[in-house]
Amino acid sequence: MNTASIGKRIRKFREHKGWRQEDFAEKIGLSVTYTGMIERGEKVPKLETFITIANVLEVSADQLLADVLTTGYDIKSSALTEEIAKLTPTERERVYKVITAMIEFDKK
């Protein structure tokens, strides 16, 4: 299992909330040291702790596990669709052109 990718996703969602590691550690009831080890992928949290992390971050478990689940590409596609929807029409068109070009290149 790629624990580093889980930790990176936890860090990403924490930073998206604007929380320092100290704030996050306090909210989930862990030490800053242990929280840092989770974010670096050095430790895997117990299931109970993982659920607490997901709840505090207000994200689903599949969002945190997207890089290690075999269905992760569905999750990534949904997340990308949400991000693309936030773009201007011109920016969206540019993204679609890049994706289309990459798909066509792979078909050759």
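The side chains of Glu39 and Arg14 meet in a salt bridge, with N and O 2.6 Å apart; the term denotes a side-chain nitrogen of Lys or Arg within 4 Å of a carboxyl oxygen of Asp or Glu. Glu39 belongs to helix 3 and Arg14 to helix 1 (residues 3-16), so the pair ties together parts that are 25 residues apart in sequence. Helices (H or I, at least four residues) are DSSP runs numbered from the N terminus. The model is predicted: local features need pLDDT of at least 70, side-chain atom pairs count only at pLDDT 80 or more, and totals for chains, interfaces and linings use all residues. Residues are numbered from 1 along each chain as its sequence is written, and side-chain values use heavy atoms, with hydrogens and water left out.

**Salt bridges**

- Glu39 counts as buried at 1% relative accessibility, and Arg14 is likewise buried, at 6%; buried means under 20% relative accessible area, exposed over 50%, and partly exposed in between (1.4 Å probe, protein chains only).
- Arg14 also forms a salt bridge with Glu15, where the closest N and O atoms are 3.9 Å apart.
- Glu15 is partly exposed, with a relative accessibility of 48%.
- Glu83 pairs with Lys86 in a salt bridge whose closest N and O atoms are 3.1 Å apart.
- In that pair, Glu83 is partly exposed at 45% relative accessibility, whereas Lys86 is exposed at 63%.
- Through shared partners, salt bridges join Arg11, Arg14, Glu15 and Glu39 into one network.
- A search of the whole structure finds eight salt bridges.

**Packing of helix 2 and helix 3**

- Helix 2 (residues 21-28) packs with helix 3 (residues 32-39) at an angle of about 105 degrees, and their axes are 9 Å apart.
- Axes are lines fitted to C-alpha atoms, for helices over the stretch in contact, and angles run from 0 to 180 degrees between N-to-C directions.
- Helix 2 is therefore roughly perpendicular to helix 3, a description that covers angles of 65 to 115 degrees.
- Helix 2 contributes Gln21, Glu22, Phe24, Ala25 and Ile28 to the contact, and helix 3 contributes Val32, Thr35, Gly36 and Glu39; contact means heavy atoms within 4.5 Å.
- The residues of this contact divide into four nonpolar, three polar and two charged; Ala, Val, Leu, Ile, Met, Phe, Trp, Tyr, Cys and Pro count as nonpolar, Asp, Glu, Lys and Arg as charged, and the others, Gly among them, as polar.

**Nonpolar core**

- The largest nonpolar core has 14 residues, and those with the most contacts inside it are Ile10, Phe24, Ile53, Leu57 and Leu64.
- Such a core is a set of buried Ala, Val, Leu, Ile, Met, Phe, Trp, Tyr and Cys residues joined through side-chain atoms within 4.5 Å.
- Helix 1, helix 2 and helix 4 (47-57) each supply at least two residues of this core, and helix 4 gives the most, with four residues.
- Leaving aside residues up to four places away in sequence, Ile53 touches Ile10, Phe24, Ile28, Ile38, Pro45 and Leu64.

- Arg9 lies in helix 1 and is buried, at 15% relative accessibility.
- Not counting residues up to four places away in sequence, Arg9 touches Gln63, Leu64, Ala66 and Asp67.
- Lys46 is found in the loop between helix 3 and helix 4 and is exposed, with a relative accessible area of 58%.
- The C-alpha atoms of Lys46 and Leu57 are separated by 16 Å, the two residues being 11 residues apart along the chain.

Note on methods: Parallel < 35°, antiparallel > 145°, perpendicular 65-115°, else oblique.
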